[in-house]
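Me: I am new to this structure. Can you walk me through it in short steps?

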Amino acid sequence: MKTLILYSSCDGQTKKIAEFMAQYLEGEIVVSPLTEELELQFFDRVIIGASIRYGHFNKQLYHFVERHHELLNAKSAVFFGVNLTARKEGKDTPEGNAYVRKFLQRINWTPTKVGVFAGALLYPRYKWIDRVMIQLIMKITGGETDTTKEIEYTDWGKVKAFAESLNS
């Protein structure tokens with residue numbers, strides 16, 4: 001089986017998750033940013049991962065899905081969302097995660113499987129305005145506000161189990 005994993009990542013955590021998943025998938029795997037135009041028809045399976053920034057997925061994700069929804073619906077196509085809200089229990093499922101739920105309602109593609117993973121909080125790497133905005137959001141949502149910290153909330157066991165479930 002030939003699998004294409006496309007990702008849209010703000011700070012690199014979604015890319016890291018995509019590359020990690022690739023280790024546990026059977027067959028030939030290609031990992032690529034969503035920005036690159038690859039011939040989807042040459043792949044048996046397509047996996048798309050995208051992160052949330054300020055409550056929204058990248059517009060490029062919506063454009064891509066709109067452009068390719070017929071092919072995605074015809075293939076074994078999978079989606080996973082990455083966001084900090086998923087660090088909370090109950091918000092780490094497609095049904096419990098508002099961002100993923102809304103995304104799926106707005107598109108013409110029905111993925112064969114959907115995953116939700118917590119991302120990473122990388123305060124020291126953010127530009128000043130992003131650091132302040134994310135700190136405010138975290139304060140409102142009861143998260144970490146110490147801007148000297150980097151915290152990876154991703155549950156790698158959950159990511160591995162999701163990837164392995166795609167092999168069957």
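Me: How do helix α1 and helix α5 pack, and at what angle?
Reply: This is a predicted model. Helix α1 covers residues 13-22 and helix α5 covers residues 156-165. Their axes lie 9 Å apart, and the angle between them is about 50°.

Me: Are α1 and α5 oblique or roughly parallel to each other?
Reply: Roughly parallel would need an angle under 35 degrees. The angle here is about 50°. α1 and α5 are therefore oblique.

Me: Is the crossing of α1 past α5 right-handed or left-handed?
Reply: Handedness is a separate point from the angle. The crossing in which α1 passes α5 is right-handed.

Me: Which residues of α5 meet α1?
Reply: On the α1 side, the residues are Gln-13, Lys-16, Ile-17, Phe-20 and Met-21. By class, this contact has seven nonpolar, one polar and two charged residues. The α5 partners are Trp-156, Val-159, Lys-160, Phe-162 and Ala-163.

Me: How many of the ten residues of α1 are buried?
Reply: The buried ones are Gln-13, Thr-14, Ile-17, Ala-18, Phe-20, Met-21 and Ala-22. α1 is thus largely enclosed by the rest of the structure. The count is seven of the ten.

Me: Which residues touch the most other members of the largest nonpolar core?
Reply: In soluble globular proteins, nonpolar side chains tend to be buried together. The largest nonpolar core here has 24 residues. Those that touch the most other members are Leu-6, Ile-48, Phe-57, Leu-61, Phe-79 and Trp-109.

Me: How many residues are in the second, separate core?
Reply: Its members include Ile-17, Ala-18, Ala-22 and Phe-162. Ile-17 and Phe-162 also belong to the contact of α1 with α5. The second core has 17 residues.

Me: Is Ala-77 buried or exposed?
Reply: Ala-77 is found in strand β5. Leaving aside neighbours within four places in sequence, Ala-77 is in contact with Val-46, Leu-72, Trp-109, Pro-111, Thr-112 and Lys-113. The cut-off for buried is under 20% relative accessible area. At 1% relative accessibility, Ala-77 counts as buried.

Me: What is the relative accessibility of Ser-32?
Reply: Ser-32 lies in strand β2, residues 28-33. Not counting residues up to four places away in sequence, Ser-32 touches Leu-4, Ile-5, Leu-6, Tyr-7 and Leu-38. Ser-32 counts as buried, with a relative accessibility of 3%.

Conventions:
Residues numbered from 1 in each chain as written. Predicted model: local features only at pLDDT ≥ 70, side-chain atom pairs only at ≥ 80, totals over all residues. Heavy atoms only, no water. Axes fitted to C-alpha atoms, helices over the stretch in contact; angles between N-to-C directions. Helix = DSSP H or I, 4+ residues; strand = E, 2+ residues; numbered from the N terminus. Parallel < 35°, antiparallel > 145°, perpendicular 65-115°, else oblique. Left-handed = near helix turned anticlockwise from the far one by under 90°. Contact = heavy atoms within 4.5 Å. Nonpolar A, V, L, I, M, F, W, Y, C, P; charged D, E, K, R; others polar. Core = buried A, V, L, I, M, F, W, Y, C linked by side-chain atoms within 4.5 Å. Buried < 20%, exposed > 50% of the residue type's maximum accessible area, 1.4 Å probe, protein only.
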